[in-house]
Amino acid sequence: MRLLLRVLAPLLGLLLAVVGLAVVVETVTLWVSPTSSPLIVPWPTWLAAAEGLTWQSGSVRAAAVVVGIVGLFVLILGLVARRHDVFLADPVPEVTVTTSPRSIARAVGHEVRAHDEVVSASVVASAKKVTVKAATLDPAEEVRATLRDLVETTLARLPLARRPRVAVSVTTTKGVK
Amino acid sequence: MSRRSRAAVARSAGGDRTLTTVLGLVLVAASVLALLVGFGVFGSFRAQRPVIDPLIVEWASAHATAARWIAIGIGVVLFLIGLWWTLRSLRPEPRPDVSLSELPGERLTVEHAAICDAVRHDAELIDGVSRARARLVGTPQKPALRLSLTLVEGTDVRDVWADLDGRVLARAREAFAVSALPTAVRLELDATSAPTPARVQ
């Protein structure tokens, strides 16, 4: 979403500038030499088309809905394009240390997958929560407790500013050990 | 965590986000208002009025000069906001040179590239760091350091911190003759490790 914002923000700015410029140019043209109006934007045609429409007309409602959907998209884009950094405790004042959720997931994933009883695992991490899903050939409940301890110790080794909650789910798969 | 080191973590997208959000709000508000008028929330008579309202048309033709000035004003404001927004979000993040002395005759600045090469080289010498990148952000008078370190698997982050503060940042502070240099460090953990151990069952 941040990349999309990075691309769309200048384009939206450009769009605003173009609309503003068009309004100025057309108004000045109409004022200075009414014979050559409209210069670029065919606004008299648009005016004629909107002539008979009331607020109840279907096309007015349709246009409003389209504008609303575009506006909602732009609004949501602005709201969700935040950073997802995970903050670590500051070693010294004046220094801020961050890492990515992906890094946390990778570190936890290595530990979990290196465990003997785990057949496969997936890890999703954010600053607030680490979710581990693992598959094993052994009874799930025992492995779950071991894995939870393992993840907790791994996270404890990282000096995170706030310790994320840990959610571990283990399923037993069929197979030969 | 100081405000300046916190600001150095990444380029801020705050301006873009604010403007995008405001634009979205305006569009949504316009749409909702038009729909509400159309569904007769503000009176069924108003819902039946033309979109190009005769009252407004009448006023505009009666006060042609004022109407034109208003249109030009709106256009200029939109144009300036749009242009400022575009230039602002296309401008690259500055890489400031650091000025060590502003005294006439003794002006001394250090180039951005020179500082960053030195810091990066120092950082890559730390045990457990496989790759380092460094750049300065902020202004020449108030620079801040942004450092991203890639750590090999199994490195203890606390050891890296000790080395970082004791060697790399201490030298940078010494070079700039400042007591504190706001720094944002971004760690990539376990990125260049050996593949997950093979499992033979």
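1. The UniProt annotation "domain: DUF6286", from an unreviewed entry, covers residues 69–170 of chain A. In this predicted model, the end C-alpha atoms of residues 69–170 of chain A are 42 Å apart, and the span is 43% helix and 29% strand.

2. The domain assignment divides chain A in another way, giving domain 1 as residues 2–80 and domain 2 as residues 97–172. The C-alpha centres of domain 1 and domain 2 of chain A are separated by 51 Å.

3. UniProt also lists a "transmembrane region" (unreviewed entry) at residues 62–81 of chain A. That span of chain A is 95% helix and 0% strand, with its end C-alpha atoms 29 Å apart.

4. For chain B, the UniProt feature "transmembrane region" (unreviewed entry) is placed at residues 21–46 and 66–87. Residues 21–46 of chain B are 81% helix and 0% strand, and the end C-alpha atoms of this span lie 30 Å apart. Residues 66–87 of chain B are 100% helix and 0% strand, with 31 Å between the end C-alpha atoms.

5. Next, the contact between the chains. On chain A, 61 residues are in contact with 65 residues of chain B. Five elements of chain A each supply at least two residues to the side that touches chain B: helix H1 (2–32), helix H2 (43–50), helix H3 (58–80), strand E2 (95–99) and helix H4 (101–114). H1(A) gives the most, with 18 residues. Sorted by class, this side of chain A has 38 nonpolar, 14 polar and nine charged residues.

6. The two chains are also joined strand to strand. E2(A) is linked by five bridges to strand E5 of chain B (residues 183–188), and the two strands run parallel. Within this pairing, Thr96(A) has Ala184(B) as its bridge partner.

7. Helix H2 of chain B takes in residues 14–38, 25 residues in total. From its first C-alpha to its last, H2(B) reaches 36 Å, close to the 36 Å expected at 1.5 Å a residue. Just after H2(B), Gly40(B) has a positive phi of about 75°.

8. Which residues of H2(B) are buried? They are Asp16(B), Leu19(B), Thr20(B), Leu23(B), Gly24(B), Leu27(B), Ser31(B), Val37(B) and Gly38(B). The buried residues of H2(B) pack against elements of both chains: H1 and H3 of chain A, and helix H3 (44–47) and helix H5 (64–90) of chain B.

9. Chain B also holds a hairpin, formed by E1(B) and E2(B) with six residues between them. Strand E1 (residues 98–101) and strand E2 (residues 108–110) of chain B run antiparallel and are joined by three bridges. One bridge pairs Ser101(B) with Leu108(B). In the turn, Gly105(B) has a positive phi of about 85°.

10. Is Ser169(A) buried or exposed? Ser169(A) counts as exposed because it has 12 C-beta neighbours inside 10 Å, and a residue with 12 or fewer is classed as exposed. Ser169(A) is found in strand E5 of chain A, residues 165–172. Ser169(A) and Leu5(A) are 164 residues apart along the chain, and their C-alpha atoms are separated by 35 Å.

Key
Residues are numbered from 1 along each chain as its sequence is written. Chains are lettered from A and ligands numbered from 1 in the order in which they are written. This is a predicted model: local features need pLDDT of at least 70, side-chain atom pairs count only at pLDDT 80 or more; totals for chains, interfaces and linings use all residues. Domain bounds come from an automatic or database domain assignment. UniProt positions are given in the numbering used here, feature names are shortened, and annotations may be inferred rather than shown by experiment. Helices (H or I, at least four residues) and strands (E, at least two) are DSSP runs, numbered from the N terminus. Two residues are in contact if their C-beta atoms, placed from the backbone, lie within 7 Å. Ala, Val, Leu, Ile, Met, Phe, Trp, Tyr, Cys and Pro count as nonpolar, Asp, Glu, Lys and Arg as charged, and the others, Gly among them, as polar. Two strands pair if DSSP finds at least two bridges between them. The expected span of a helix is 1.5 Å times one less than its number of residues. A residue is buried if 20 or more other C-beta atoms lie within 10 Å of its own, exposed if 12 or fewer, and partly exposed in between; C-beta atoms are placed from the backbone.
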